[in-house]
Amino acid sequence: MRGPLCLASPETNRFAMSQAQPNPNPSPREDVQKLFIRNASVIRGFILSLLPVRELVDDVFHDVFLVVVDKADSFEPGTDFLAWVYVISRHKVLQAMTKLYGKRTSVLAPEVMEALIADAPTQSFNEDTVDALKQCVEALAPAARKMVQLRYQESLKPTEIAQRLNIGTNSIYVTLSRARTLLRRCIKQRLSTAH
């Protein structure tokens, strides 16, 4: 009786052999695939942090992978791989949200998404962090929670929030600043007690 490799086609045998022995000259596509797989949980967590619809995370993650592989030749080895993938992820999240809700709706204000992308290589986004964020937002005082929702879910600028709530713009800035500080502390505390 012959072994499984003997029954396979010559192409399959070459593929199996290539998988068994590291390629001394991997293609840009292979390099990018390896980097993506190595960073998959961080990339998925980043997408999850931007996308409030959990059911879409896997689809967007898959789309990001396809774009990353397709654009592998444009990635410059030695540069920040995650930063490059985060830009692609951001665009895919925006496309998914536009498809789902239409043009006007976005998950976060573009400036906030850019700030997240800038911080992302040193940050780890995962489901625990997103769950903690949601719980912490719910724990905010009602007025602060409303302002945070208007700012980050409806992407209103502080001046627009002030007009809508009939409150001074400075009060909006102060409340949002305090809310962000409380959210950071709350998330840190929830994550430290969860582990």
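**Exercise 1.** Show why helices H9 and H10 are oblique to each other, then describe their contact.

*Solution.* The model is predicted, with local features needing pLDDT of at least 70 and side-chain atom pairs pLDDT 80 or more, while totals for chains, interfaces and linings use all residues. Residues are numbered from 1 along each chain as its sequence is written, and side-chain values use heavy atoms, without hydrogens or water.

1. Locate the helices (DSSP runs of H or I, at least four residues, numbered from the N terminus): H9 spans residues 142–152 and H10 residues 158–165.
2. Take the angle between N-to-C directions (0 to 180 degrees, axes fitted to C-alpha atoms over the stretch in contact). For H9 and H10 the angle is about 130°, and their axes are 10 Å apart.
3. Apply the classes: under 35 degrees is roughly parallel, over 145 roughly antiparallel, 65 to 115 roughly perpendicular, the rest oblique. H9 and H10 are therefore oblique.
4. Assign the hand (right-handed if the near helix is turned clockwise from the far one by less than a right angle, left-handed if anticlockwise): H9 and H10 cross in the right-handed sense.
5. List the contact (heavy atoms within 4.5 Å). H9 contributes Lys146, Met147, Leu150 and Arg151, and H10 contributes Pro158, Ile161, Arg164 and Leu165.
6. Sort these residues by class (Ala, Val, Leu, Ile, Met, Phe, Trp, Tyr, Cys and Pro nonpolar; Asp, Glu, Lys and Arg charged; the others, Gly among them, polar): the H9 and H10 contact has 5 nonpolar, no polar and 3 charged residues.

**Exercise 2.** Determine how H3 and H5 are oriented to each other and which residues meet.

*Solution.* 

1. H3 (residues 28–38) and H5 (residues 57–70) pack at about 150°, their axes 9 Å apart.
2. H3 and H5 are therefore roughly antiparallel to each other.
3. The crossing of H3 past H5 is right-handed.
4. From H3, Arg29, Val32, Gln33 and Phe36 meet Phe61, Val64, Phe65, Val68, Val69 and Asp70 of H5.
5. By class, the contact of H3 with H5 holds 7 nonpolar, 1 polar and 2 charged residues.

Definitions and conventions: Helices (H or I, at least four residues) and strands (E, at least two) are DSSP runs, numbered from the N terminus.
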